[in-house]
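Good morning, and thank you for coming. I shall present one structure today, and I ask you to keep it in view while I speak.

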Amino acid sequence: PYSRQEFESFAGPMAQPAQATAPVQPVAPPPQPVVQTRQAQVVDPKAARNVRNNNPGNLKIESANKWNGRSANPSETTFETFKSPEYGARAFNIVVGKNLAATNNFEEFVNRYASEKSEKDYYIANGKLMPHLQNYANNLAKKLGLKDSVTSYPKGMDRMTLLKEIIRNEGNKDSLSYFTDDVLAKGIGMK
């Protein structure tokens, strides 16, 4: 039950009570706010895979991960599919954070985040990334103002800049028009 003041705060002023002949039905409390996500939309089948799957970082399917917003996609057997780009951004931000915490520089980050087993084996055997992965690490370092990919992460690193550069490397520059700053911010803000 609500006091008259509580009721009027969300329903508006009440008229003076009249003699009611029918019982008064209780009013439900206002709904809790939720983060609005994009509705499912048709995406160009020629779009980058991260766009088609609402998965900005091309996160791989891992049975241990039970992501919120995960969507079944029988045609995709390698990368997760999410029901909206915001859910994909949420998972992406979590994975990037865990990989940053486990590494010291972008060379280590790319080896951990983006490498297949054979590429990790190459890194262990040769002490360096394969050329395409080295390019990826260099792109991240350059975007964040570092001289090279083995320089330690800068203090106060701009997370949004890093996320966007990973998205560009995982997809292409057009992926950034789908995974906008607003989409990323909403995804990062989701619980």
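Predicted model: local features only at pLDDT ≥ 70, side-chain atom pairs only at ≥ 80, totals over all residues.

The chain contains nine helices and zero strands. Read from the N terminus, its elements therefore give the order α-α-α-α-α-α-α-α-α. Of its 191 residues, 36% count as buried. Among contacts with a separation of 6 or more, 55% are between residues 24 or more positions apart.

Let us now consider a pair of helices. Two packed helices are described by the angle between their axes and the distance between those axes. How do helix H3, residues 85–101, and helix H9, residues 181–189, pack? Their angle is about 65 degrees, and their axes are 7 Å apart. The crossing of H3 and H9 is right-handed. On the H3 side, the contact is made by Pro85, Glu86, Ala89, Arg90 and Asn93, and on the H9 side by Val183, Leu184, Lys186, Gly187 and Ile188. Sorted by class, five of the residues in this contact are nonpolar, two are polar and three are charged.

H3 also holds Asn99. Is this residue buried or exposed? Asn99 counts as buried, because its relative accessibility is 8%, and the cut-off for buried is under 20%. The side chain of Asn99 is joined to that of Arg112 by a polar contact of 2.9 Å. Beyond its neighbours within four places in sequence, Asn99 touches Phe109, Arg112 and Tyr113.

The next helix is H6, which covers residues 131–143. The buried residues in H6 are Leu133, Gln134, Tyr136, Ala137, Asn139, Leu140 and Ala141. What covers them includes helices H4, H5 and H7. After H6 comes Gly145, with a positive phi near 80 degrees.

H7 comprises residues 159–170. The same reasoning about span applies here: twelve residues at 1.5 Å each should span 16 Å, and the end C-alpha atoms of H7 are 16 Å apart, which agrees. Which residues of H7 are buried? They are Leu162, Leu163, Glu165, Ile166, Ile167 and Glu170. Their cover includes H2, H3, H4, H6, H8 and H9.

Finally, I turn to the loops. Most residues other than glycine have a negative phi. Asn54, although not a glycine, has a positive phi of about 55 degrees. Asn58 is likewise not a glycine, and its phi is positive, near 50 degrees. Asn54 is in the loop between H2 and H3, and Asn58 lies in the loop between H2 and H3 as well. Asn54 counts as buried because its relative accessibility is 10%, and Asn58 counts as buried because its value is 9%.

The loop between H4 and H5 contains Glu116. Glu116 has a relative accessibility of 40%, so it counts as partly exposed. A polar contact of 2.2 Å links the side chain of Glu116 to that of Lys60.

Thank you for your attention.

Notes. Residues numbered from 1 in each chain as written. Heavy atoms only, no water. Axes fitted to C-alpha atoms, helices over the stretch in contact; angles between N-to-C directions. Helix = DSSP H or I, 4+ residues; strand = E, 2+ residues; numbered from the N terminus. Left-handed = near helix turned anticlockwise from the far one by under 90°. Contact = heavy atoms within 4.5 Å. Nonpolar A, V, L, I, M, F, W, Y, C, P; charged D, E, K, R; others polar. Buried < 20%, exposed > 50% of the residue type's maximum accessible area, 1.4 Å probe, protein only. Polar contact = N/O pair within 3.5 Å; in protein donor to acceptor, adjacent residues only side chain to side chain. Expected span 1.5 Å × (residues − 1).
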